[in-house]
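Dear colleague,

I am passing on the structure we spoke about, with the sequence alongside. Please look through it before reading my notes, which follow below.

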Amino acid sequence: MRAQFVLSEIGVGLRRNLTMTFAVIVSVALSLGLFGASLLMRDQVGTMKGYWYDKVNVSVFFCNKNDTETGANCAKGAATEQQKNDIKAELDRLPIVQSVTHETSDEAFKHYKEQFGDTPIAGLVTPDQFQESFRVKLKDPTKYEVIKSAFSERPGVQEVQDQRDTVEPLFNLLNGMNIAALVVMALMLVVALMLIVNTVRVSAFSRRRETGIMRLVGASSFYIQMPFILEAAIAGLLGAVFACVLIVGGKWVLINNWLAARIQVINFIGWDSVVAVLPLVLLIGLLMPALAAFFALRKYLKV
């Protein structure tokens, strides 16, 4: 009988405040959708870093005969075979180095032609303008400074270059977008909490006569508050369900059917990441409104 009464009170409350309940559902859906998207974006950045950092190399470029004016290391002309052999031997002895690949100037010119062969400037360069280099793959890509400090000032070395510099701006942009999404999410959560508090307040005021009678006949505070708390929890849960639909739809439409078909060099997150986020979104959508209603009732439900 008590359960039936609580359910009937929930239905009455939802019908009386239908507009505000709808606003709560939409606000919770948008805020939790942004929350889930920010978690997935963080996983995506981590996946991309792991993918690209595993592929990028540290390049040790040697002086060629055209580099005599580029620095003190190249003042004596092109790097000698002895200098190259010494550096190769030292690289092989370093425990942080996984492998060393030798690229000749002819091979560098060939790779350049493959990438920029159709541009007008491609016809103005010759193989002797490209530096010979060692492509060094590190076991830990973050140890780039060890290679730079050890070899950048060596005679015959024109430059030590970390290829991470070319992908780091992209990761910084994605991290910035993630922070922006979190800020917007926080604002939306504040709006949702304010709507929940106002909805509970209006509902408690409209039913103050009923709650007064329940208090007079000996009903406990928890029993009186339960319908209001469940109303907020149901609205929040519905918003969380819509947020899950938005997250799954975004993954399917935006990533699987659009980005993955156009950007094939990026290893996008899989469905396992999405499935891991959905329970957290549902849990927050259920608990956050219920707790907000509980604390709001302590102030507004006075009979």
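The face of α3 that is turned away from its buried side carries the exposed residues E81 and R93. On the buried side, the residues concerned are K84, I87 and L91, and, seen down the axis of α3, these fall within an arc of 70°, so they line one face of the helix. As for its length, α3 has 13 residues and reaches 19 Å from its first C-alpha to its last, which is close to the 18 Å expected at 1.5 Å a residue.

Please bear in mind that this is a predicted model, in which the protein chain averages a pLDDT of 77, with 74% of the residues scoring at least 70. Among the elements of the chain, helix α3 (residues 81-93) has the highest mean pLDDT, 89, whereas helix α1 (residues 2-16) has the lowest, 56. Where pLDDT is low, the predicted coordinates should not be read in detail.

The other finding is a nonpolar surface patch of about 830 Å², whose members include L237, V241, V245, L283 and F294. The elements that give two or more residues to this patch are α8 (221-262) and α9 (271-300), and α9 gives the most, with 7 residues. L283, which lies in helix α9, has a relative accessible area of 45% and is therefore partly exposed.

With best wishes

Methods: Residues are numbered from 1 along each chain as its sequence is written. This is a predicted model: local features need pLDDT of at least 70, side-chain atom pairs count only at pLDDT 80 or more; totals for chains, interfaces and linings use all residues. Side-chain values use heavy atoms; hydrogens and water are left out. pLDDT is the predictor's confidence in each residue, from 0 to 100. Helices (H or I, at least four residues) and strands (E, at least two) are DSSP runs, numbered from the N terminus. Patches are made of residues with over 30% relative accessible area and no salt bridge: like charges are joined within 9 Å, nonpolar side chains (Val, Leu, Ile, Met, Phe, Trp, Tyr) within 5 Å. Accessible areas come from the Shrake-Rupley method with a 1.4 Å probe; for residues, only the protein chains shown count as cover. A salt bridge is a side-chain nitrogen of Lys or Arg within 4 Å of a carboxyl oxygen of Asp or Glu. Buried means under 20% relative accessible area, exposed over 50%, partly exposed in between (1.4 Å probe, protein chains only). The expected span of a helix is 1.5 Å times one less than its number of residues. The arc is that of the directions from the helix axis to the C-beta atoms.
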